[in-house]
Amino acid sequence: MLTNQQQLLLNAFYRLSQERRTEQGSPLSIKDKDIDYYQSKNGSCSLAQDLFIIAIHAIDSEYIKQKHDEIRRRNNKGK
């Protein structure tokens, strides 16, 4: 079960992730400018701005790793 703050961070990540770009089906990292814009409109989930950025990048890094692993497994299955 997630804490309220964890849920808020995850919701912020999902919102930011919807705006991300992809390259050949692979997700690209969420840009700092997009995080800054999100913060200016929605706040930082009760975190200091720098900690919010660090948390979003940490979640994003894990998401990208999982997506790349998923794509790699899918590609290896077809061989």
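Helices and strands are DSSP runs, numbered from the N terminus; a helix has at least four residues and a strand at least two. In these terms, serine 46 lies in the loop between α2 and α3. The model described here is predicted.

The chain holds three helices and two strands. Read along the sequence, these elements follow the pattern α-β-β-α-α. The C-alpha trace spans about 45 × 30 × 15 Å along its principal axes. The chain has 79 residues, and 25% of them count as buried. Its accessible surface comes to about 5,900 Å². Carbon and sulfur atoms account for 49% of that surface. Contacts between residues at least 6 apart in sequence were also examined. Of these, 56% join residues at least 24 apart.

Two helix pairs were then examined. Two packed helices are described by the angle between their axes and the distance between the axes. Helix α1 covers residues 4–18, and helix α2 covers residues 32–42. Their axes come within 11 Å and cross at roughly 125°. An angle of 65 to 115 degrees would count as roughly perpendicular, and one over 145 as roughly antiparallel. The crossing of α1 past α2 is right-handed. Residues from both helices meet in this contact. Helix α1 supplies Ala12, Arg15 and Leu16. Helix α2 supplies Asp34, Ile35 and Tyr38. By class, the contact of α1 with α2 has four nonpolar and two charged residues, with no polar ones.

Aspartate 34 is one of the residues on the α2 side of this contact. Its relative accessibility is 29%. Buried means under 20% and exposed means over 50%, so aspartate 34 counts as partly exposed. Aspartate 34 and leucine 16 are 18 residues apart in sequence. In space, their C-alpha atoms are 7.2 Å apart.

The second pair is α2 and α3. Helix α3 covers residues 49–77. The axes of α2 and α3 come within 11 Å and cross at roughly 130°. These two helices are therefore oblique to each other. Their crossing is right-handed. On the α2 side, the residues in contact are Asp32, Ile35, Asp36, Tyr38 and Gln39. On the α3 side, they are Gln49, Phe52, Ile53, Ile56 and His57. By class, the contact of α2 with α3 has five nonpolar, three polar and two charged residues. Ile35 and Tyr38 of α2 meet residues in α1, and Ile35 and Tyr38 also meet residues in α3.

Isoleucine 53 is placed in helix α3. Residues up to four places away in sequence are set aside here. Isoleucine 53 then touches Asp32, Ile35, Asp36 and Gln39. Isoleucine 53 and aspartate 36 are 17 residues apart along the chain. Their C-alpha atoms are separated by 8.2 Å.

Aspartate 36 lies in helix α2 and is partly exposed, with a relative accessible area of 41%. Aspartate 36 and threonine 3 are 33 residues apart in sequence. Their C-alpha atoms are 24 Å apart in space. Glutamine 39 also lies in helix α2. Its relative accessible area is 8%, and glutamine 39 is therefore buried. Neighbours within four places in sequence are again left aside. Glutamine 39 is then in contact with Ser44, Gln49, Phe52 and Ile53.

Cysteine 45 has a positive phi of about 55°, although it is not a glycine. With a relative accessible area of 11%, cysteine 45 is buried. Serine 46 lies in the loop between α2 and α3 as well. Serine 46 has a positive phi of about 65°, and it is not a glycine either. Serine 46 is exposed, with a relative accessible area of 73%.

Notes: Residues numbered from 1 in each chain as written. Predicted model: local features only at pLDDT ≥ 70, side-chain atom pairs only at ≥ 80, totals over all residues. Heavy atoms only, no water. Axes fitted to C-alpha atoms, helices over the stretch in contact; angles between N-to-C directions. Left-handed = near helix turned anticlockwise from the far one by under 90°. Contact = heavy atoms within 4.5 Å. Nonpolar A, V, L, I, M, F, W, Y, C, P; charged D, E, K, R; others polar. Buried < 20%, exposed > 50% of the residue type's maximum accessible area, 1.4 Å probe, protein only. Parallel < 35°, antiparallel > 145°, perpendicular 65-115°, else oblique. Areas by Shrake-Rupley, 256 points an atom, 1.4 Å probe, with all protein chains shown as cover.
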